[in-house]
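User: I'm new to this structure and would like to learn how to read it. Could you walk me through a few features, one at a time?

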Amino acid sequence: MSLYDKMQEAWNNADVDAWNDLHHDDFEFTRHQSGRVVKKDDNNPEEMKEFMKAMKQEKRRCIYENDDLLVTHAFVTYGSGDREALMAVYLKKDGLLWRLETGATELK
């Protein structure tokens with residue numbers, strides 16, 4: 001099973017442990033809204049589970065995946081009701097997600 005497929009399964013099941021297992025210990029996410037860097041250990045498991053349940057993803061797809069890179073796209077609706085077309089670019093290290101940056105277009 002590809003890393004992308006494992007991500008989708010963990011997300012669909014709101015399985016925070018499985019989700020975290022896909023991320024390298026040195027994982028960093030640069031948020032597109034603020035540029036703030038979030039590390040793997042910054043996430044509160046209970047808050048992450050609620051976020052996974054609240055964020056709805058439509059037309060998810062893997063654009064490209066190899067041993068070094070994963071690029072995804074989805075239309076997302078957040079718990080606030082805000083909607084975005086979201087592209088995510090992951091760098092991989094040791095077979096795990098290592099770096100993430102996103103780009104988004106607000107949808108009205």
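User: Let's start with the largest pocket. How many nonpolar, polar and charged residues does its lining have?

Analyst: Keep in mind that this is a predicted model. The general idea goes like this: rolling a probe the size of a water molecule over the atoms shows where empty space is left. Here, the lining of the largest pocket is made of 17 nonpolar, ten polar and four charged residues. The volume of this largest pocket comes to about 680 Å³. Its lining counts 31 residues, and those closest to the centre are Trp-11, Trp-19, Phe-29, Phe-51 and Leu-100.

User: Which helices and strands each supply at least two residues of that lining?

Analyst: On the helix side, you'll find H1 (3-12), H2 (16-21) and H3 (45-54). The strands that do so are S1 (23-30), S3 (56-65), S4 (69-77), S5 (83-93) and S6 (96-107).

User: Now for the sheet. In what order do its strands come?

Analyst: A handy idea to start with: in a regular strand the side chains alternate between the two faces of the sheet. In this structure there is an open sheet of six strands, and reading across it gives S2-S1-S6-S5-S4-S3, with mixed pairing. Strand S2 (37-39) and S3 are the edges; each has a single partner strand, so one side of each has no neighbour in the sheet. On average, neighbouring strands are turned by 20° against each other, ignoring direction.

User: Which strands of the sheet does H1 touch?

Analyst: H1 packs on the sheet and touches S3, S4, S5 and S6. Compare directions and you get about 165° between H1 and S3.

User: How is S4 joined to S3, and how many bridges are there?

Analyst: S3 and S4 run antiparallel, with seven bridges joining them. Two of the pairs to look up are Lys-56 with Thr-77, and Tyr-64 with Val-71. Between S3 and S4, the hairpin link is three residues.

User: And what about S4 and S5?

Analyst: That pairing is antiparallel too, over nine bridges. This hairpin has five residues between its strands, and Gly-81 in the turn shows a positive phi of about 100°.

User: Why is S4 described as largely enclosed?

Analyst: Look at the burial of each residue: under 20% relative accessible area counts as buried. Seven of the nine residues of S4 are buried, so the rest of the structure largely encloses this strand.

User: Can we zoom in on one residue there? Is His-73 buried or exposed?

Analyst: His-73, which lies in strand S4, is buried, with a relative accessible area of 12%. Across in S5, Met-87 stands opposite His-73. Setting aside residues up to four places away in sequence, His-73 touches Lys-59, Arg-60, Arg-61, Ile-63, Ala-85, Leu-86 and Met-87.

Methods: Residues numbered from 1 in each chain as written. Predicted model: local features only at pLDDT ≥ 70, side-chain atom pairs only at ≥ 80, totals over all residues. Heavy atoms only, no water. 1 Å grid on protein atoms, 1.4 Å probe; cavity = no way out; pocket = protein on both sides within 12 Å on 5 of 7 lines; lining within 4 Å. Points joined across faces, edges and corners; volume = space filled by probe spheres on them. Helix = DSSP H or I, 4+ residues; strand = E, 2+ residues; numbered from the N terminus. Nonpolar A, V, L, I, M, F, W, Y, C, P; charged D, E, K, R; others polar. Buried < 20%, exposed > 50% of the residue type's maximum accessible area, 1.4 Å probe, protein only. Pairing = 2+ DSSP bridges. Axes fitted to C-alpha atoms, helices over the stretch in contact; angles between N-to-C directions. Contact = heavy atoms within 4.5 Å.
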